[in-house]
Amino acid sequence: MQESATILGLESSCDDTAAAVVSHSRGNLATIRSSVVFGQDGLHSKYGGIVPEIAARAHASRLDHCTEIALSEAGIQLRKIDAVAVTAGPGLVGGLLAGVSFAKGLAAGSGKPLLGINHLAGHALTAVMTHGVAFPYLGLLVSGGHCQFHAVLGANRFIRLGGTIDDAPGEAFDKSARLLGLEQPGGPAIEKAAAGGSPDRFSFPRPLAGREGCNMSFSGLKTALLRERNALAGAAGTLAAADVADLSAGFQAAVRDVLAEKSHRAFSAFQACVGARATVFAASGGVAANKGIRAALEDATRQNGATFVAPEPKYCTDNAAMIAWAGIQRYRLGLLDDLSLQVRPRWPLDEKSAPLTGSGKRGAKS
Ligand code: KG4
Ligand code: ZN
């Protein structure tokens, strides 16, 4: 087995077009040689949400430029990399097809192996790339389309311990921001508005808190926010800035408390499942960029005698370095794909566990 590997990663599963080059030699931390992300917020903002067709076209037209920049910033030519890793799912089918088709072209043209990566594995393994965390560890993936606790046993072995039964927190942040007239993505907008607000003015529910297990629910929170908003807005239909700040702070505190309470239960679930205490709790995904939520998760981790790890925000949100890194793992395990690689718009990390959200779940990353 080769001691060092350098992989080009590509990501286009939602609304970020990304390319990155990551190198790794055994016994060392990974080197992220470049990580380029072209966001699409400006393209979708006037529609109030991601328009899949617009996203797919933007990916198709930007992937080559994004890749050129990633290779040039890394100071490497395509012929010098070991393989091309691309997100093959889950996500929006048009964006996935754009990425996988582009990656196939690169792999065929350069004669390099192709690796189809699960986007969720990219998020879940980021802590190994950024902090050198060892398996097994307790992972929380908390993003725009997902919210799951996992026992991460290896680069290709995940056991789901629990997750949301309806909305993902990022989705709840985005929908709530829309209700409050804030910009998208809603998470950072609510975090900013919440900084000037009181979390105690409104008593938002903490769904499923106190209940056994580490399943979660966030859709009721958004409904509670809608009710408060409507009561405040009255006939004029407008909210004062102080109301937006207090509603944001109250909402964020509720999400934070649910995630923290369920993290305690996830530590117990990990022990029951793995037969040993989790010594590391690693959070990943866009919502893990939220400072208040990170602090609460860190607190819960300390109370369980473990170490909390969360990547810096740019590696929490969608990026291609995590895809390149997951690619390095699969490359080393010999799990190569070929030009018959298919996209998988639905692709659970733990394929043995039954879906929690049912087949009716909608959304970009359902
Ligand atoms: O991981 P990600 O970039 O894409 C998915 O795979 O979903 O996560 C995006 C989600 C969005 O819903 C966004 O509002 C949320 O992460 N997010 C945040 C923050 N930054 C991004 N939520 C709360 N606080 C933040 N600072
Ligand atoms: Zn993501």
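I looked up Asp 318 and found it at 12% relative accessibility, so I count it as buried, a word I use for under 20% relative accessible area with a 1.4 Å probe and protein chains only. His 119 is at 1% and therefore counts as buried too.

I noted that this is a predicted model, in which local features need pLDDT of at least 70 and side-chain atom pairs pLDDT 80 or more, while totals for chains, interfaces and linings use all residues. Residues are numbered from 1 along each chain as written, chains are lettered from A and ligands numbered from 1 in the order written, and side-chain values use heavy atoms, without hydrogens and water.

Next I listed the protein donors of the zinc ion (ligand 2), which are His 119 (NE2), His 123 (NE2) and Asp 318 (OD), lying 2.0 to 2.1 Å from it; donors are N, O and S atoms within 2.8 Å of the metal (3.2 Å for Na, K and Ca), and sites may look incomplete because water is not among the atoms. I saw that His 119 in helix H4 (residues 119-124) and Asp 318, in the loop between helix H11 (313-316) and helix H12 (321-332), are 199 residues apart; helices here are DSSP runs of H or I with at least four residues, strands are E runs of at least two, and both are numbered from the N terminus.

Last, I turned to helix H3 (residues 93-110), where the buried residues include Gly 95, Leu 96 and Ala 98. I wrote down that H3 is followed by Gly 111, whose phi is positive, near 75 degrees.

Definitions and conventions: Buried means under 20% relative accessible area, exposed over 50%, partly exposed in between (1.4 Å probe, protein chains only).
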